[in-house]
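Student: Please give me a close look at a single part of this model. Start with the whole chain, then zoom in.

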Amino acid sequence: MASTLRTYLLAPSMLVVCVTISLFFLQSTKDVLSASSFEGYVEKFIHANPPTKAPETPFFDANGVRHTLSEYRGKVVLVNFWATWCPACIMEMPTLDRLQAKLGGDKFIVLAISQDMGGVAAIRRFLTLHKLEHLPVLLDERRRLGLAFGQDMLPTTVLLDTENREVGRLIGPADWASPAAVALISRYMRREK
């Protein structure tokens, strides 16, 4: 009885804390993405020295088919961990969609992998609502791939080279469709010829 009462009393406090934190990050994200350049965030891109092999931990598509990152060997891959409830992710996702539209093909792909517990339906609703047409539904519902990468914040974006090695990552939101971000990724694409 006492623990149930304690839960009822703490629940509103926790809700207030969560909303306050979300509003703080939403404002920070707006500041980041309203900046005219990605340059300040390229600085925050952490290069892996030396590059490290990507984990073989599976993730799943909308049909429940199991995939691993090694399937994309031969392409430069931008892996983005996100969730529909993450304010920074909501602001960032359209830039990932534009990046996939611009560079996606035989040499490059964006894998926006959701960590939503709501499953495929929640992701589909989000992609439809935000008119994101170039990103497939991909899911790491139990965060196994994210944990294998040592990811503990959303969004986190990891860049892989054609040898399936992590060459760097950026923690937090960014404008991935900006000229500076495209230049960063294109540099790795040129190296892989």
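Tutor: Start with contacts, meaning heavy atoms within 4.5 Å. Among contacts in the chain between residues at least 6 apart in sequence, 73% join residues at least 24 apart. This is a predicted model, where local features need pLDDT of at least 70 and side-chain atom pairs count only at pLDDT 80 or more, while totals for chains, interfaces and linings use all residues. Residues are numbered from 1 along each chain as its sequence is written, and side-chain values use heavy atoms, with hydrogens and water left out.

Now the layout. The chain has six helices and eight strands. Helices (H or I, at least four residues) and strands (E, at least two) are DSSP runs, numbered from the N terminus. Read from that end, the order is α-α-β-β-β-β-α-β-α-β-α-β-β-α. Of the 193 residues, 45% are buried. Buried means under 20% relative accessible area, exposed means over 50%, and partly exposed lies in between (1.4 Å probe, protein chains only).

Let's zoom in on helix H4. It covers residues 119-129. Which of its residues are buried? They are Gly-119, Ala-122, Ile-123, Phe-126 and Leu-127. Seen down the axis of H4, these buried residues fall within an arc of 130°, so they line one face of the helix. The arc is taken from the directions that run from the helix axis to the C-beta atoms. The face away from the buried side carries Arg-125, Thr-128 and Leu-129, which are exposed.

What do the buried residues of H4 pack against? Their partners are strand E4 (76-82), helix H3 (87-103), strand E5 (108-114) and strand E6 (138-139).

Leu-127 sits in helix H4. It counts as buried because its relative accessible area is 8%. Leave out residues up to four places away in sequence, and Leu-127 touches Met-93, Leu-132, Leu-135, Pro-136 and Val-137. Look at Val-137 in that list. It lies 10 residues from Leu-127 along the chain, and their C-alpha atoms are separated by 8.3 Å.

Finally, follow the chain out of the helix. Just after H4 comes Lys-131, with a positive phi of about 55°.

H4 has a buried face, and Leu-127 is one of its buried residues. On the face turned away are exposed residues, including Arg-125.
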